[in-house]
Amino acid sequence: MFAAVDLSYRVFFQGQDEIEAAQENLTETARALGNKVAELIVCPIYANLPSDMQAKIFEPTPEGARKVVLATNIAETSITIDGVVFVIDPGFVKQNSYNPRTGMSSLVVVPVGPLLCYAFSKLLTGIS
């Protein structure tokens, strides 16, 4: 019924909360659609996830299924996943910012330029 093409997706988020919300949404939507769509395997990856759960992103995608890897931007340049064809990046990252008035650092969400997004997409998909 569905083409046996490995079309994996990689979607970037700013943090664990966003990843968990997206995972829940995708899982519920796929369940509601039932056999109207190919099997959807949702694999989160973030620092606090147990290593056995992190390793699932490297498992081969079963024939006829699609894998969606939900990742933080920390995993953007450090992990290559076979089969990823589409990269979805909202164009924002969390960046460490120091405030000299308070003497404290904090993570701030900032936009990323389009050239950097384009470069990451080439790096992550291996398509030149």
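Tutor: The chain has an accessible surface of about 8,300 Å², by the Shrake-Rupley method with a 1.4 Å probe, where for residues only the protein chains shown count as cover. Carbon and sulfur atoms hold 57% of that surface. This is a predicted model, so local features need pLDDT of at least 70 and side-chain atom pairs count only at pLDDT 80 or more, while totals for chains, interfaces and linings use all residues. Residues are numbered from 1 along each chain as its sequence is written, and side-chain values use heavy atoms, with hydrogens and water left out.

Confidence next. pLDDT is the predictor's confidence in each residue, from 0 to 100. The chain averages 82, and 80% of the residues score at least 70. Among the elements, helix H1 has the highest mean, 95. Helix H3 (residues 114-125) has the lowest, 63.

Now the fold. There are three helices and six strands. These are DSSP runs numbered from the N terminus: helices are H or I with at least four residues, strands are E with at least two. Along the sequence they read β-α-β-α-β-β-β-β-α. Contact means heavy atoms within 4.5 Å. Of the contacts with a separation of 6 or more, 66% join residues 24 or more positions apart.

Now your pocket. A pocket is an open set of points on a 1 Å grid over the protein atoms alone, where a 1.4 Å probe fits, with protein on both sides within 12 Å along at least five of seven lines. Its volume is the space filled by probe spheres set on the points, which are joined across faces, edges and corners. The second largest pocket holds about 190 Å³. Its lining residues, those with an atom within 4 Å of a point, are Tyr9, Leu26, Thr29, Ala30, Leu33, Val37, Ala38, Leu40, Arg66 and Val68. H1 gives the most, four residues. By class the lining has eight nonpolar residues, one polar and one charged. Here Ala, Val, Leu, Ile, Met, Phe, Trp, Tyr, Cys and Pro are nonpolar, Asp, Glu, Lys and Arg are charged, and the others, Gly among them, are polar.

Look around it. Buried means under 20% relative accessible area, exposed over 50%, partly exposed in between (1.4 Å probe, protein chains only). Of the 128 residues, 31% are buried. Valine 11 sits in strand S1. Its relative accessible area is 13%, so it counts as buried. Beyond neighbours within four places in sequence, valine 11 contacts Val68, Val69, Leu70, Ala71 and Ile88. One of these, Val68, also lines the pocket. At 1% relative accessibility, serine 8 is buried. Its contacts, again beyond four places, include Thr61, Lys67 and Phe86.

Outside four places in sequence, leucine 107 touches Lys94, Gln95 and Asn96.
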